[in-house]
There are 2 protein chains.
Amino acid sequence: MNLQQHFDIRLPGWIDGFVDNWLKAPGARLDTAGQRMSLAVALSAENVRQQTGGPFGAIVVEENGSRLVGVGVNLVTRLNMSAAHAEIVALSLSQRVVESWNLGSIGAMQLVTSCEPCAMCFGAVPWSGVASVVCGARKEDAEAAGFDEGDKPEDWTATLIRRGIEVKLDVMRAEAARVLHDYAACDGAIYHPGRT
Amino acid sequence: MNLQQHFDIRLPGWIDGFVDNWLKAPGARLDTAGQRMSLAVALSAENVRQQTGGPFGAIVVEENGSRLVGVGVNLVTRLNMSAAHAEIVALSLSQRVVESWNLGSIGAMQLVTSCEPCAMCFGAVPWSGVASVVCGARKEDAEAAGFDEGDKPEDWTATLIRRGIEVKLDVMRAEAARVLHDYAACDGAIYHPGRT
């Protein structure tokens, strides 16, 4: 039959060194939501600069610690994979580190994403086992830049909270939204069907 | 930094031969929704029998043809990846075949899934570029077997239709639901946080 049997999700080569440098900078910490968001937003901006994908970055960190478990950037166009949003990439790579599909299996984990999750990534959050989600830009910021966020329930934050997942919005929103705005201003690709 | 850089999504070894045999059986065709669902349900059942994952199967087929573009089964436990639902696997492998994140780029494609999509897979559908979705079992059938389908908008089919994506429900629902029921009856793993 010769069906396609596999695909490899791989981060761009610049990421490891970039994160390394970021963490070595004077005062760089991953203790607070703001510090964590600062790295997620830096990844979103660098992903555009390196031309490896859309203006979205995400990280997974120990909630009550500062261990960086995994990172992700949007790799939709690079991998030809519509599901390769920053959150899915970060969660999946982190699950590999933890060696479980449940990130909660080794303690409380936090997903920090430069933009509130789209409908797909929102749906992916409860399955991942994270204890909390921290978001930078809002859906409105992504839409203003031409992105489609999909159809989430109106009360999406409440549905996560009901599942015991904490949600924190608007952390460094202006900085995160600026990356989206700058991407749109430079005619960055808006990669969804019907808007190529 | 030694961040986790990549992961490989790979179908279990039995799938290629299984699909090959299925397609060679007398009368096997992929022309109608029912015929297509028959393969998706067969994959869901075989995935349980082979102990390679949960009771879910999906395929991507040319809407107006019979070319099988890609297949997927639930690989959450096998890959330690909570996003490795049958639909995400089938869509991602198909995008690799098509060499685009947009399956619509080479013609109308149909996603045929043995169970209606969970919240994550529902959100993934519009990003994938498929023209239509055919579902077997209902959310209620999955929930009766102990699975959590997540929080989709109440009118999830309408939101897809508004985006120009056709939705067909209840195709071979009884056969698809039976696989879920049998899985639950045999104490199959229900792999989501809080229900292990």
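At what angle do the axes of helix H2 (residues 33-49) of chain A and helix H8 (residues 173-185) of chain A cross? Before we answer, keep in mind that this is a predicted model. The two axes cross at roughly 10 degrees and come within 9 Å. Angles under 35 degrees count as roughly parallel, so H2(A) is roughly parallel to H8(A). From H2(A), the contact is made by Val41(A), Ser44(A), Ala45(A) and Val48(A), and from H8(A) by Glu175(A), Ala176(A), Val179(A) and Tyr183(A). Sorted by class, this contact of H2(A) with H8(A) has six nonpolar residues, one polar and one charged. The spacing along each helix is worth a look with a general point in mind: an α-helix has 3.6 residues a turn, so residues three or four places apart point the same way.

Let's step back to see how the chains relate. Chain A can be laid on chain B by a turn of 180 degrees and a shift of 0.0 Å along the axis, with an RMSD of 0.0 Å. That is the relation of a two-fold axis. The same surface serves both copies, as 100% of the contact residues of chain A recur in chain B.

Now follow that surface. It brings 53 residues of chain A into contact with 53 residues of chain B. On the side of chain A that touches chain B, the elements giving two or more residues are strands S1 (6-10) and S3 (68-73), along with helices H1 (14-24), H3 (76-79), H4 (86-98) and H5 (119-128). H5(A) gives the most, with eight residues. By class, this side of chain A divides into 27 nonpolar, 19 polar and seven charged residues.

Helix H5 (residues 119-128) of chain B is mostly covered, with ten of its ten residues buried. Among them are Met120(B), Phe122(B) and Trp127(B). The cover over these buried residues includes H5 of chain A, and from chain B helix H4 (86-98), strand S4 (109-115), strand S5 (132-137) and helix H7 (156-162). Just after H5(B), Gly129(B) takes a positive phi of about 85 degrees.

Finally, have a look at the core. The largest nonpolar core has 134 residues, of which Ile59(A), Ala90(A), Ile59(B) and Ala90(B) touch the most other members. Leaving aside residues up to four places away in sequence, Ile59(A) touches Arg36(A), Leu39(A), Ala40(A), Leu68(A), Val71(A), Ala90(A) and Val112(A).

Notes:
Residues are numbered from 1 along each chain as its sequence is written. Chains are lettered from A and ligands numbered from 1 in the order in which they are written. This is a predicted model: local features need pLDDT of at least 70, side-chain atom pairs count only at pLDDT 80 or more; totals for chains, interfaces and linings use all residues. A nonpolar core is a set of buried Ala, Val, Leu, Ile, Met, Phe, Trp, Tyr and Cys residues joined through C-beta atoms within 7 Å. A residue is buried if 20 or more other C-beta atoms lie within 10 Å of its own, exposed if 12 or fewer, and partly exposed in between; C-beta atoms are placed from the backbone. Two residues are in contact if their C-beta atoms, placed from the backbone, lie within 7 Å. Copies are superposed by least squares on the C-alpha atoms of residues with pLDDT of at least 70 in both. Axes are lines fitted to C-alpha atoms, for helices over the stretch in contact, and angles run from 0 to 180 degrees between N-to-C directions. Helices (H or I, at least four residues) and strands (E, at least two) are DSSP runs, numbered from the N terminus. Angles under 35 degrees count as roughly parallel, over 145 as roughly antiparallel, 65 to 115 as roughly perpendicular and the rest as oblique. Ala, Val, Leu, Ile, Met, Phe, Trp, Tyr, Cys and Pro count as nonpolar, Asp, Glu, Lys and Arg as charged, and the others, Gly among them, as polar.
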